[in-house]
Amino acid sequence: MMEIKGRILVVDDYVLNRMQLKRALETQGHTVALAEDGRQALEMLNAGDYDLVLLDILMPEIDGFEVLTRLKNDPARRDLPVIVISALDEMENVVRCIGMGAEDFLPKPFDPLLLRARIGACLEKKRLRDQEVEYLQQVARVTAAAAAMEAGDFTPDSLDDVAARPDELGQLGRVFQRMAQEVVAREQALKQQVHDLRIQVDEARKASQVAEITESDYFQQLQSRVGDLRKILDT
Amino acid sequence: MTPSEIIDRATFAGLLDNLGGDVDFLGELVETYLASSPELVAGIQQAIAAGDAPTLQRAAHSLKSGSASFGALAFAAQCRELEEFGKTGALAEAQLKSAALAEVYAQVAAALQAELHTARRSPA
Amino acid sequence: MARIVSVHSFRGGTGKSNTVANVAALLAAGGRRVGVVDTDIQSPGIHVLFGQHSAELPKTLNDYLWGRAKIAEAAYDVTPPMEASAGRIFLIPSSAHTTEIARVLREGYDSGDLVRGLRELIDQLALDVLIIDTHPGINEETLLSIAISHTLIVMMRPDSQDYEGTGIAIEVARQLGVPNLLLVVNKVPAVLDRAAMQAQVEQTYNCPVAAMLPHSDELMVLGSEGLFVLRFPAHPMTALYQQIADRLLV
């Protein structure tokens, strides 16, 4: 399987760590952004879109714990994975961070193979979670489309991306979309029909058929007697 | 101490290996270390003098981490102790431990430059 | 004085019998005594909706008119169980065989006699409303019942096959001087704009529309099992039938 490449934010106040991590991650094909402290990290996280954060713990002012707390309290970023950078003699900090929702930890000094393995596992997990979230969102889109269909305000292209999926959900999306389009087309054709529905009556033919009736002896006789007949009923 | 006792050769070689043998980048790292460490050494001493334990902890932490990555293990161990004093607020012990810090760092810096020089001359 | 109402359609399948049965039920529920003359007992028609089978209807209006039966024998009380109401529904089957018509002509039973018979029927059953469910198309008997009606309802579907025939029936009724002409459009597809369609129908025939009845599979199923308006009094469809019933008493 091809390794997943991600957009990774490295947060470390020590320049040497930033240099080494940037170099190692870029060698492995990832895109790397650097933050020198917690404040800058939070700003960058607000502005950009990342797949993973590598987070140092000991930093002045806003430290790693604080960054982690803010990320986990933000519903939009709760699922963004965080790997804590830590020396092996700081295991109590690592334990605390994992308890706060960090995904894993990366020991210093950095080992390229371990770095590759941890980052890869983390990105793969995130990819699966993203897929799951997207799947559930698209299922919700299909059910919403069904509701819209009932309400008569379904827009056919609202399921385009669901229909583009290669899996069973995509199949459902395609079938639903096709059927919905047929129903919409049929309804539009009907509406058009009514719009065009000039109640066409061939007046000449109608007149000749009316005449055929009204010129009959029976009708003539009936017409002349209708007043008398009504009197029988009404008096 | 001789340069080979100050810098652990195996760690230094391992770092170069991790960099794919890129001596130029190793050189950049060493230069960055040499440029940033005096500030950290001074920072440690100022923090002790000012009674600022958190700053002591952070500065010692960085210096430990950088030094360890090049194999300056004895110096890194000294920094680790200082970091621990910063963490526990044991500033008096830190004062004792940091007395010769600048001199030890100067030896580490010299040894590191020597190692880098050797690495540059060796065939890749 | 009883109101005479003929319900006509150019062809079968317009939901005429269903409409007649439900409107009759609503009138009875409102305390009226209603006679329903079914001229089309050959096809499965209105008697089924009232829970009758043609085998159980041995005597017809014709038997009564010919003196072969008493009115009590040709009028079947089919009033469904309803909450306290003095209203009743009598079903009076009538034979529309051409042989019967021929016999009327041959034996000189003139239209006056027929109408006097109806008057007797109205009096004896003390009817408030007599609804004549006519045979589709126009024959002499249909012309007679149209001629003596206070109200003619022409039922149509929104279908080009019905347009001309509806126009003919309206025109003929006008020439006979029927006081109230009403159209009922049935089986209107749910997607159609009923108000716009009603306006167009009224303009085309220069005749008011009493109701636009929607088509729905649900109604087809529910309506085939007895009197819809009594089983589903709160249904919007019942309100539409009531709209028709209200026009008949004016």
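Helices and strands are DSSP runs, a helix having at least four residues and a strand at least two, numbered from the N terminus. By this count, chain A of this predicted model has 9 helices and 5 strands. Along the sequence of chain A, these elements follow the pattern β-α-β-α-β-α-β-α-β-α-α-α-α-α.

**Chain A**

- Chain A has 235 residues, and 28% of them are buried.
- Take the contacts in chain A between residues at least 6 apart in sequence: 56% of these join residues at least 24 apart.

**Where chain A touches chain C**

- This contact involves 26 residues from chain A and 32 residues from chain C.
- On the side of chain A, the elements giving two or more residues are α7 (168-196), α8 (203-214) and α9 (217-234).
- Of the elements on that side, α9(A) gives the most, with 11 residues.
- Sorted by class, the side of chain A that touches chain C has 14 nonpolar, 4 polar and 8 charged residues.

**The largest nonpolar core**

- In soluble globular proteins, nonpolar side chains tend to be buried together.
- The largest nonpolar core here has 81 residues.
- The residues with the most contacts inside this core are C:A24, C:I131, C:L183 and C:V184.
- Helix α1 of chain C, residues 16-29, gives the most to the core, with 9 residues.
- Apart from its neighbours within four places in sequence, C:V184 is in contact with C:T19, C:I153, C:M155, C:A210, C:A211, C:L213 and C:I244.

Methods: Residues are numbered from 1 along each chain as its sequence is written. Chains are lettered from A and ligands numbered from 1 in the order in which they are written. This is a predicted model: local features need pLDDT of at least 70, side-chain atom pairs count only at pLDDT 80 or more; totals for chains, interfaces and linings use all residues. Two residues are in contact if their C-beta atoms, placed from the backbone, lie within 7 Å. Ala, Val, Leu, Ile, Met, Phe, Trp, Tyr, Cys and Pro count as nonpolar, Asp, Glu, Lys and Arg as charged, and the others, Gly among them, as polar. A residue is buried if 20 or more other C-beta atoms lie within 10 Å of its own, exposed if 12 or fewer, and partly exposed in between; C-beta atoms are placed from the backbone. A nonpolar core is a set of buried Ala, Val, Leu, Ile, Met, Phe, Trp, Tyr and Cys residues joined through C-beta atoms within 7 Å.
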